[in-house]
Amino acid sequence: MDDNTKIVVVGSGAVGSTFAYTVLLKGLANELVIIDINKDKAEGDALDLNHGLLLAQPMKIYAGDYPDCKNADIIVITAGAAQKSGETRLDLMQRNVVIFNQILTEILKYNDSAIFIIATNPVDILTYITIKLTNLPKNQIVGSGTLLDSARFRYLISQKIKIDPRSIHGMIIGEHGDSELPLWSLLNVAGVNLAEVDYGCHFHLSNESMEEVYNNTKNAAYQIITKKGATYYAIALSLSRICEAILGDQKSILPLSAYLNDYKGISDVCLGIPCIVGRSGIEEVLDLPLNNTEEEQLKNSAMQLKNFIKQIELPSNIHKNVKL
Ligand code: NAD
């Protein structure tokens, strides 16, 4: 990691403040700036976190404003309207585009070299919007994508086959949302493909179990929001995992929302696909050996997002050269 690392989080709600806490616990940066339109919330969170410094890692933590984005290595955006019970991620789209335009205009006055990590939903669309509004190199704009979905997927499988989720290699790709898809054909434990193991084998998953795992993965956010209003612990850990991969130039493979250009015929959209993640953000989008069903499902996911993007009305103050 660099000697002097600076992370800015814009949006100190449930996700942003929990992410800030993970930065403190993991000692991910020397400097952590918290920005929120609700300045009291940002200041309260900064104070609260500072009171834990003695018990964690030395770090400079403060509530700031957009000039404090200067020299930041990573800017994480979690600001926006939170998903309400029963509301789809895509319902949030229009409100959050307006918020993003305001935030990005301010950030770009002070920093155009940071890696931007987007978490606000609908995350694939807002990652795409961030690319279009900033016109920055596409590797610099990273959406949290299906990293959280993949963590949920692996956890749920671990419960079925009684194996540590870290030893289960599998992914959810596509939209972070209703059209996401599980890569059953590539799911493996110790190199053993779960789609191919026989009934009776320790790792065997019945068709019913697979269906249940997929549905519970896809509906996890709805379940949690119904019970407690928001999801934040696992997404905060997902965001700090992405920061670790970037700051440590780890070349980790993470399923993040990346800009696709002729990816199995899919172009001009951001979707969750395994990427090599290092100091320059998304360093490569991996060309996976998908089966025909998975490829069709991925194309369907892309089509759904593209159809939503077509419905977006850009705020009238956006430069006329920006086209979606
Ligand atoms: P929240 O309502 O608790 O927090 C949002 C914060 O954004 C608030 O503190 C608000 O004051 C701030 N904000 C609003 N407008 C702003 C602006 N213009 N400038 C600066 N700050 C502004 O919501 P939350 O639960 O923290 O969720 C945040 C977002 O993260 C939502 O869009 C949610 O759907 C999304 N989310 C994404 C994932 C994922 O996997 N990508 C997972 C969970 C939540």
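Me: What should I know about numbering and confidence?
Reply: Residues are numbered from 1 along each chain as its sequence is written, and side-chain values use heavy atoms, without hydrogens and water. In this predicted model, local features need pLDDT of at least 70 and side-chain atom pairs 80 or more, while totals for chains, interfaces and linings use all residues.

Me: Which polar side-chain atom lies 3.0 Å from an oxygen atom of the ligand?
Reply: A polar contact is a pair of N or O atoms within 3.5 Å. Asn 121 supplies that side-chain atom. Ser 144 places a side-chain N or O atom 3.0 Å from a ligand nitrogen.

Me: How many disulfides does the structure hold?
Reply: A disulfide is a covalent bond between the sulfur atoms of two cysteines. The cut-off is a sulfur pair within 2.5 Å. The structure holds zero. The sulfur of Cys 69 is 14 Å from the closest cysteine sulfur, in Cys 243, so it is too far for a bond.

Me: What is the order of the strands in the open sheet?
Reply: Strands are DSSP E runs of at least two residues, numbered from the N terminus. Two strands pair if DSSP finds at least two bridges between them. The order is E7-E10-E11, with antiparallel pairing. Ile 168 stands opposite Val 189 in E10.

How values were computed: Helices (H or I, at least four residues) and strands (E, at least two) are DSSP runs, numbered from the N terminus. A polar contact is a pair of N or O atoms within 3.5 Å; within protein, one must be able to donate a hydrogen and the other to accept it, and residues adjacent in sequence count only if both atoms are side-chain atoms.
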